[in-house]
Every structure is written in structure tokens, then in C-alpha cells.
Amino acid sequence: MNTQTLLNNVATINKDNGIFVNAKEFLQKLRQVATAVAKPSDHRPNLTFVHVRITENNLILEATDSHVLERSHVAASIPSELVGKEFLIDGKFAKNLSKTPTKYGKTLGVYPQFNDGKYKGIISIVGGGEEFIDDSRGNISVFGYPDLVRVTPYLNDATVKFDVQQKEIFPVLKEIVKKSDVGALLVKGNVVKLEYFDGRKDLEFPLAVTNVEVEGEFEINFNMKKLKQRLQHLSSRENLTFRFYQNAYRPFTISRENGGLGLVCPIRLH
């Protein structure tokens with residue numbers, strides 16, 4: 001993305017530290033992320049912000065309800081002083097702004113406000129001759145994103161991982177989900193297996209996996225139905241890399257051959 005072209009497109013903006021994005025792409029992905037987890041439940045919190053990480057060439061948009069996470073990348077022209085920072089966009093603000101992603105022209109300027117490197121809870125988005133301000137300071141505490149580290153793992157932080165083909169794990173998930181939504185995954189040595197409790201005893205299903213990395217043993221409880229939903233439309237021969245992070249209270253990621261990323265969060269049984 002050419003910085004000068006973007007600046008020419010938003011020449012009326014008189015602000016510093018602007019992040020420039022393609023308006024349609026940014027707003028479509030913002031809405032996708034903001035609405036993906038906007039399903040209030042009596043059983044889990046509905047986290048109301050879209051979390052944004054700033055990299056050299058991309059904005060990484062994330063939202064979670066603590067069980068599943070939606071993540072998307074948007075190409076951007078970014079000032080070097082903003083690289084590595086993070087900010088939030090209120091979920092309702094995001095959904096309202098992105099209802100008509102073509103009305104703001106080709107380019108948006110995104111201006112999060114920081115103080116000593118920390119997000120202040122204020123962001124301006126400028127496009128189509130208008131400025132839209134999200135002032136969420138009153139709703140944000142301690143940077144404002146509950147369990148941020150727990151629900152947004154970085155791939156290179158994985159302490160346990162293995163590779164498996166969709167055809168090896170999906171049929172097992174289908175059988176387990178007929179009996180129970182809740183189950184566990186266990187990793188020890190080169191053995192990986194899925195397990196669920198049928199009311200009398202634990203039933204175990206070993207998986208054919210490769211490239212296992214684990215120290216000692218690892219066990220995580222999660223919603224089998226959520227994982228089945230993530231995998232059901234993939235090719236049976238697609239290779240998947242499962243990664244787990246530090247402990248059984250953080251989510252795990254499923255990386256696809258084509259670069260796609262899925263994430264399933266654990267559940268606590270006690």
C-alpha cells in the first residue's frame with residue numbers, strides 16, 4: 001500500500017500519527033470480527049470490544065467471547081512510532097460504523113490516542129469528509145480487554161504442538177459429539193488422544209498425529225462441538241497444526257496449510 005497515495009486521498013485530514021486503510025476492506029473485516037462473537041449468553045461473558053494490534057504493515061483485528069476468537073488482518077500504512085501498540089474499538093461503535101462500508105470513500109484514517117504508550121480509550125476514524133469518534137474511556141479499565149493474554153496467543157509462544165490431518169480427527173469428533181459436547185485432549189510423549197466421560201467412565205480415542213512436541217504431559221478440557229464446527233468444512237487431507245499455550249486455561253490454535261487460523265478456548269470443569 002503506497003503511503004503517498006493514501007495521504008493524497010485523505011488530504012483534508014490534519015492529524016498526526018494516522019493509520020491509513022482501504023475503507024471497504026477495513027470496515028467489512030471490522031464488522032465480521034465484531035459480530036462473530038456478539039452472541040450474549042448466560043453461560044459466558046460477551047466481551048464488547050474489538051482488540052487491534054498494530055504491526056509494521058497490518059492491523060490485526062480480534063474479538064472473543066472467551067470461548068471462541070475471531071481474528072482478521074487488514075493491510076495498512078502505519079507510522080513507525082505506532083508499531084507494536086494496541087488499541088480497542090467499542091463493539092457497538094464498530095458495528096454501526098461498518099453497516100455501509102462503501103459510504104466513506106476509498107480510504108479511512110484511523111487515529112487512536114495514546115499517552116505514554118498506553119491507549120487512552122479514544123479513537124477517531126475519518127473518511128468521506130466526516131469524523132467519527134469512539135470515546136470508550138468510561139468502560140475501559142486496566143487497558144480494558146479481560147484476559148487479553150489468555151485469549152490472544154501468539155503462535156511462537158506454543159509449548160505443546162502436533163500435526164494431524166482432518167480425516168484423522170474429524171470422524172472422532174463426530175462420534176464424541178453424538179454423546180457429549182464436552183471432552184478433553186491429552187498429550188503425552190508421542191501419544192495424543194481425545195477423551196470424554198460417558199456417565200460411567202472415561203472413553204479414550206487415540207489420534208494418528210506427527211511432529212509431537214511436549215514436555216511431560218498436557219491435558220485440556222474444551223467444547224468438542226466448537227472444534228467440530230471449525231473443522232467440518234475442511235478438506236479431509238488438509239494438514240493441521242495444533243498449538244497449545246503454557247497451561248490448560250489458554251485457548252489453542254489450529255493453523256491450516258493455506259495460512260488460515262482457527263482458535264478454540266478451553267472450559268473449566270471446576
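**Side chains, pair by pair**

Author: Let's start with Glu 25, which is partly exposed at 25% relative accessibility; on this scale buried means under 20% relative accessible area, exposed means over 50%, and partly exposed is in between (1.4 Å probe, protein chains only). Before going on, a word on the ground rules: this is a predicted model, where local features need pLDDT of at least 70 and side-chain atom pairs count only at pLDDT 80 or more, while totals for chains, interfaces and linings use all residues. Residues are numbered from 1 along each chain as its sequence is written, and side-chain values use heavy atoms, with hydrogens and water left out.

Back to Glu 25: its side chain meets that of Lys 29 in a salt bridge, 3.5 Å from N to O. (A salt bridge here is a side-chain nitrogen of Lys or Arg within 4 Å of a carboxyl oxygen of Asp or Glu.) Both partners sit in helix α2, residues 23-36, and being 4 residues apart puts them about one turn of the helix from each other. Helices (H or I, at least four residues) and strands (E, at least two) are DSSP runs, numbered from the N terminus. Lys 29 is partly exposed too, at 24% relative accessible area.

The whole structure holds 8 salt bridges, and another of them joins Glu 62 to Arg 53 at 2.6 Å, N to O. Here Arg 53 is buried at 9%, and Glu 62 is buried at 0%. Then there's Arg 256 with Glu 238, whose closest N and O atoms are 2.9 Å apart. Arg 256 is in strand β16 (residues 252-256) and Glu 238 in the loop between α6 (224-231) and β15 (239-244), so this pair ties together parts 18 residues apart in sequence. Arg 256 is partly exposed at 31%, whereas Glu 238 is buried at 7%.

Phe 26 touches Val 21, Leu 59, Leu 61, Val 74, Ile 89, Leu 108, Val 110 and Ile 125, leaving aside residues up to four places away in sequence. As a general point, nonpolar side chains in soluble globular proteins tend to be buried together.

Leu 97, in helix α3, is buried at 5%. Its partners, beyond residues up to four places away in sequence, are Leu 27, Tyr 104, Ile 125 and Phe 132.

What about the rings? There are 11 aromatic pairs. Tyr 104 and Phe 132 have ring centres 5.3 Å apart and planes at 85°, so they are edge-to-face. Tyr 104 lies in the loop between α3 (91-97) and β6 (107-115), and Phe 132 in strand β8 (residues 130-135), so the pair ties together parts 28 residues apart in sequence. Both Tyr 104 and Phe 132 are buried. The rule: rings of Phe, Tyr and Trp (its six-membered ring) pair if their centres lie within 6.5 Å, with planes under 30 degrees apart counted as stacked, over 60 as edge-to-face and the rest as tilted.

Elsewhere, Phe 162, Phe 218, Phe 222, Phe 242, Phe 244 and Phe 252 form one aromatic cluster. Lys 85 lies over the face of Phe 114, 5.8 Å from the ring centre; the test is NZ of Lys or CZ of Arg within 6 Å of the ring centre and within 35 degrees of the ring normal.

A polar atom of the Asn 223 side chain lies 2.9 Å from the backbone nitrogen of Lys 225, and one lies 3.1 Å from the backbone nitrogen of Lys 226.

Methods
Polar contact = N/O pair within 3.5 Å; in protein donor to acceptor, adjacent residues only side chain to side chain. Contact = heavy atoms within 4.5 Å.
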